[in-house]
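Let us walk through this structure together, one region at a time. Keep the 3D view open as you read.

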Amino acid sequence: MRFSISTKVFFGFVVVILTFGFSSLYNSVRTSQLGDTVVFLRREIFPLKEQFLGLDATLRVYYTDVLVNTRRPDALELVRDRLPQLQPYRTLQELVTTISAAAEGDNKSNDGLSLLEFSTAVERVRSGTSLYEKLEAESAASSRSRALLAKLPAYPTNAELFEWIAKDFAIHVNERRYDQAAERLADLRWVLQDLRRDTKDLGRNLTQMINQSSDRAEQESARALLAAIVTTSGSILVGIMVMLLTQSAIKRIRYLGEGVRRVSQGDYAGEVRVRGGDEIGVLADEFNKMAQSLRDRDQKLAVQREELLRAERLATIGKMSAQITHEIRNPLSSIGLNTELLEEELADNTGDFREARELLRSIGQEVGRLTDVTEQYLRFARMPKADLHMESLNNLVTHLGQFVQEDLNQRHINLIIRLEPIPDTLFDANQIRQALINLIRNAAEAMPKGGAVELTTGQRPEFVWVQVRDWGEGIPDEQRERIFDPFFSTKINGTGLGLALVQQIITEHRGNIVCEAAPGGGTVFRLELPKD
Ligand SMILES: Nc1ncnc2c1ncn2[C@@H]1O[C@H](COP(=O)(O)OP(=O)(O)OP(=O)(O)O)[C@@H](O)[C@H]1O
Ligand SMILES: [Mg+2]
């Protein structure tokens, strides 16, 4: 399936926006998890740690200061009075409640799980029977253990054991049995020492938990950073892809623009190569079709132009026939008149033929003129199609110079030739020669008292040129437009077909003819021939 450019750009932007959205969401979830861990540490675990430290401190105080191993009655009574304040197992029970509540409040995270384990461990210290089992194990070796075991109720938990010893101690002190009281005091010290060890272990566990949590928080933050980097780079990548896509579309539009420019400059040959089924591809196809139809139209126009030229020539020939009749009538009547006079002259037969010779010369002149007119007419009417060959215009001008030199000399006209190196060009040498002869003849006729004619060649990027310059009377502005019209002439014996023929030849060659007033007087005719 092919998508249009706008759809592609739209999808590109949707992907960029979604990627940014997901990346922001992911990062904020990560950051909030990190925050949860930190909050959990601060709210739940640090206070617990404080409490454990507090419990340990209390136990230490009792162990060293209060439960001094003494048998002095006042000291024993003092201990009895302060002992009820020490409720280590109740403190542990309270801790279990707090930890369970904290673990439930955070039952989703891993910390909740280890907190539950921790609370079980604390509970085990309180309601386990480890002290009783220790007593049983020691009973074989220790008489104190045996004595205590004998008095204890069956399988007391650690807390119950502590309660029983504390109570028994108080009874002995109250009944002033200080020796037995001292024994219980030693038992109490034994229990508290054990409890302190347990409490320290639990405290260590807690520290470990804190370390784990903060380690995890660190990992979490590193992961959040990585996620931010990955998602941001992903978004940038997608952005670059969208940019490349847009650029490729713009590049194809530029190609298309170049094609349009070529066609607007008249070059319909090459087609625009822009592939793809999107808008630009379709536009390029349409454009190529348009260029093709322009090509076809051009060819059709060329054919029509040919036909038009032919029709024009036929029309001109028609017009010429009338003109020719008119042109021929005068010399013919003049010849007829002269022939009659000649007849009379010969009938007189005086032997003086001066008059007769004069008449014959004038007849000859008229006949000559008739020949000229008919030749010009035939040249114009029968002009064949140009027979193009690659030729050197300079060579042609050089040879032509030699050909007209004699005639110009007689008319007291200097011939100047200035040639520039120019490439060979396609032209019909006979026709161009004919055109140049006509131009040189006109130039010479414009300078009846003599002067100079200059032939020059040169080139421009698209054409080579040859020009004929004279220093004659020049052409008045109002006549300049008409000089190429057939039969336009300002000369008594001119047919007015010379320049019309030149123009026809140049048109056949797809070239131009330019007529300008020369600087410093005279006229310039320039023929331009296309290079290809
Ligand atoms: N070099 C020139 N200087 C001044 N006028 C010119 C020049 N060339 C042509 N003309 C003018 O253009 C007219 C038309 O020239 P064109 O060669 O067609 O006919 P023509 O010279 O009059 O007759 P033909 O060529 O048959 O002798 C001329 O009669 C003349 O007035
Ligand atoms: Mg002429």
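The buried residues of H14 are Gly498, Leu499, Ala500, Leu501, Val502, Gln504, Ile505 and Ile506, where buried means under 20% relative accessible area, exposed over 50% and partly exposed in between, with a 1.4 Å probe and protein chains only. With eight of its 11 residues buried, H14 is mostly covered. Helices here are DSSP runs of H or I with at least four residues, strands are E runs of at least two, and both are numbered from the N terminus. After H14 comes arginine 510, with a positive phi near 55 degrees.

A word on what you are looking at: this is a predicted model, in which local features need pLDDT of at least 70 and side-chain atom pairs count only at pLDDT 80 or more, while totals for chains, interfaces and linings use all residues. Residues are numbered from 1 along each chain as its sequence is written, chains are lettered from A and ligands numbered from 1 in the order in which they are written, and side-chain values use heavy atoms, with hydrogens and water left out.

H14 (498-508) also leads us to the ligand: together with helix H12 (429-445) and strand E7 (523-530), each supplying at least two residues, H14 contributes to the shell around ligand 1. H12 gives the largest share, four residues. A residue is near a molecule if one of its heavy atoms lies within 4 Å of it, and of the 21 residues around ligand 1, Asn442, Ser489, Thr490, Lys491 and Thr495 come nearest.

Which contacts can you pick out here? Look for polar contacts, pairs of N or O atoms within 3.5 Å. Serine 489 places a polar side-chain atom 2.5 Å from an oxygen atom of ligand 1, and threonine 490 has one at 2.5 Å from an oxygen atom of the ligand as well. For lysine 491, a side-chain N or O atom is 2.8 Å from an oxygen atom of ligand 1. Taken alone, ligand 1 exposes 590 Å², and the protein buries 95% of that, with areas from the Shrake-Rupley method and a 1.4 Å probe.

Finally, turn to serine 264, which is in helix H8 (residues 178-264). Serine 264 counts as exposed because its relative accessibility is 59%. Its side chain reaches the backbone oxygen of arginine 261 at 2.7 Å. Alanine 291 is 27 residues from serine 264 along the chain, and their C-alpha atoms are separated by 9.9 Å.

Definitions and conventions
A polar contact is a pair of N or O atoms within 3.5 Å; within protein, one must be able to donate a hydrogen and the other to accept it, and residues adjacent in sequence count only if both atoms are side-chain atoms.
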